[in-house]
Amino acid sequence: MSGIDGLDLGTFGIYTFDFEHQPAGRIRESVQELEERGWRALWFPEVGRREALTLAGHLLAATERLHVVNGIARIWARDAAATQAGAALLADAHPGRHILGLGYGGRPRPGVKPLAAMAAYLDEMDAPDAPAPKHPVRRLLAAYGPRMLALARDRTDGAHTYHVSVAHTAEAREILGPDSFLSVEHAVLLETDPDTARATAREHLRPYLDTPYNLAKFRRLGYAEDELTDGGSDRLVDDLVFWGEPDAVAARLRAHVQAGADHVAVQVIGTEPGASSLPAWRLLGDALL
């Protein structure tokens, strides 16, 4: 397995939507505690409320050692030159601590092919007349299918996967080869009652079972059509959301590492918007770090 040259994100990090909803001061306090507790990497998405590079800058400025990763910055949210310039500034201000995760994201765009759009975006970022950054801009691609994984391998530091099974991690490692970085997001819930856990998991998965590209991904992972309806089968739910006691969840997360992941970004679900996942992050830190 590989890493990103010169960067040590640790085997496990945190992936969270929490900071889309919280005020800046509360975010600062949370990430400072995470850093003190030994977490080395924090991943966050871009879903419309907070601009990706601005939030990354806030998280980096609030901490001293934590690696901050966009998971993802949407390519449709800003043009490639602006993304390159913003990432170059973050790399200059916080050398070795920011990773730019790029993804297609956002609303469907009929007639637009994600692979071609991503390749063109990378071409613009790498234009010959683009100013050379003082420090390396580290990049990952959100990738699931073989061709996007190959693009991640060939044009960036590696790939970031989201809502996949352990079997997919093994397949992704085969495509990426030994030298590309592979990070896997995985959702977890610290709940031991099966009915309660699966109900919460199904609510979390509901939007992903209603979009064509996610359904295509789940079909590629080997789930039958009847497993993708009515909130998803128990097998699908249990594969995509690990639930139970912290130690049991930790053991299941380690399966991704055994399958070839360099890093697992752990997403705690079931937290209401505006609330904090810190209590669960503390317990998971004791089990994982």
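Trainee: What should I know about the model before we start?
Mentor: It is a predicted model, where local features need pLDDT of at least 70 and side-chain atom pairs count only at pLDDT 80 or more, while totals for chains, interfaces and linings use all residues. Residues are numbered from 1 along each chain as its sequence is written, and side-chain values use heavy atoms, with hydrogens and water left out.

Trainee: Why is A120 called partly exposed?
Mentor: Buried means under 20% relative accessible area, exposed means over 50%, and partly exposed lies in between (1.4 Å probe, protein chains only). A120 has a relative accessible area of 36%, so it is partly exposed. You will find A120 in helix α4 (residues 114-125); helices are DSSP runs of H or I with at least four residues, strands are runs of E with at least two, and both are numbered from the N terminus.

Trainee: What makes α1 roughly parallel to α11?
Mentor: The axes of helix α1 (residues 24-36) and helix α11 (residues 278-288) cross at roughly 10° and come within 11 Å. Such axes are lines fitted to C-alpha atoms, for helices over the stretch in contact, and the angles run from 0 to 180 degrees between N-to-C directions. Angles under 35 degrees count as roughly parallel, over 145 as roughly antiparallel, 65 to 115 as roughly perpendicular and the rest as oblique. That is why α1 is called roughly parallel to α11.

Trainee: Which residues make that contact?
Mentor: S30, E33 and L34 of α1 meet L278, W281 and R282 of α11, where contact means heavy atoms within 4.5 Å.

Trainee: How do you know that strand β5 is mostly covered?
Mentor: Six of the six residues in β5 (residues 98-103) are buried. H98, L100 and L102 point one way, and I99, G101 and G103 the other way. In a regular strand the side chains alternate between the two faces of the sheet.

Trainee: What makes β3 and β5 a pair?
Mentor: Two strands pair if DSSP finds at least two bridges between them. Strand β3 (residues 67-70) and β5 have two bridges, in the parallel sense, and V68 stands opposite H98. Strand β4 (residues 73-74) is also joined to β5 by two bridges and runs parallel; there, R74 has G103 as bridge partner.

Trainee: Which residues have the most contacts inside the largest nonpolar core?
Mentor: They are L59, L102 and L253, in a core of 61 residues. A nonpolar core is a set of buried Ala, Val, Leu, Ile, Met, Phe, Trp, Tyr and Cys residues joined through side-chain atoms within 4.5 Å. Helix α2 (residues 52-62) gives the largest share, seven residues.
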